[in-house]
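Colleague: I am new to this one, and I would like to learn how to read it. Could you walk me through it?

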Amino acid sequence: DLELHLQRCQQLSVTVLTDHQDLSNTELKTIMNSTAPQQYRIRAKLRTYKPQKLHQSVKLHCSKCNSLQEVPDRDDFDFILQGSAIIAPNPELHNTSWYDSVTWTTQDQKQREIAIHFVKHDEMLQHPEDTLLMIEGGTLKEVWKLTKKFKCVIPVRSTEDDLELLDLSAPFLLQGNVKYYGCKQCSTPKPVKNLSSIAAEQQPSWEPTEIAQVLGIELLQYVFIMKFTLVDETGALNAYLFDY
């Protein structure tokens, strides 16, 4: 548990970074006056670390524009799904050559129309654990239920002539308990019918990177970031941890 470990480090009088055992200790002042890149071994105290809560260390990173953003919370996703549910599924887009569609109306007060489109391979439906499906009008709870049974779930909405992805503030793809996001700045979303090219492959694997590519999405990666302030008698140094 990193958070607990960091708390313990703060309680100790001195924290020793044990890498580069072959190097002698270097004062922080010397490091700050040196040009990078260099390798050093230091002996220092941990004064502070950020963020204080470990889950806040996880961000979304775009390798193309090098931007960092917060991971949206479930309320944001739920709000976008509710907004897209206002648009009724377009029946003219159901049961195409590359997906089969199932529709129904919920029995609650809102009487939402829901459509699920199951992508076919060789004109046949795949086993649930190999299936990609698209859902219109579903709630967050309904989407998560589907991710437990099917390999990939893509939330969509109807236009006049095709299905399209939701706002990129929402995940464009869900696989198991992982949500995949696209960069708003670098993505140029393409029509959902481009997925038919993957369905036509000999053995569709429905890998997120391939799905992102055919949909014109620049895939964001989850990264782990922390900032440590280290001190010794000669000065203070900020150390940053950035890792996939």
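Modeller: Gladly! Let's start with a term: a nonpolar core is a set of buried Ala, Val, Leu, Ile, Met, Phe, Trp, Tyr and Cys residues joined through side-chain atoms within 4.5 Å. Buried means under 20% relative accessible area, exposed over 50%, and partly exposed in between (1.4 Å probe, protein chains only). This is a predicted model, where local features need pLDDT of at least 70, side-chain atom pairs count only at pLDDT 80 or more, and totals for chains, interfaces and linings use all residues. Residues are numbered from 1 along each chain as its sequence is written, and side-chain values use heavy atoms, with hydrogens and water left out.

Colleague: Which residues have the most contacts inside the largest nonpolar core?

Modeller: A contact means heavy atoms within 4.5 Å. The largest core has 26 residues, and Met 134, Ile 154, Phe 172, Leu 195 and Ile 211 have the most contacts inside it. Elements giving it two or more residues include strand 9 (152-158) and helix 6 (208-214); helices (H or I, at least four residues) and strands (E, at least two) are DSSP runs, numbered from the N terminus. Leaving aside residues up to four places away in sequence, Leu 195 touches several residues, among them Trp 98, Met 134, Ile 154 and Ile 211. A second, separate core of 17 residues includes Ile 80 and Leu 146.

Colleague: How confident is the predictor, by mean pLDDT?

Modeller: pLDDT is the predictor's confidence in each residue, from 0 to 100. The chain's mean is 89, and 92% of its residues reach 70 or more. Over residues 10-14 the pLDDT is below 50, and this stretch has eight contacts in the model beyond near neighbours in sequence. Where pLDDT is low, the predicted coordinates should not be read in detail.

Colleague: What does the side chain of Arg 112 make a polar contact with?

Modeller: A polar contact is a pair of N or O atoms within 3.5 Å; within protein, one must be able to donate a hydrogen and the other to accept it, and residues adjacent in sequence count only if both atoms are side-chain atoms. The side chain of Arg 112 makes one with the side chain of Glu 142 (2.9 Å). Arg 112 is buried, at 13% relative accessibility.
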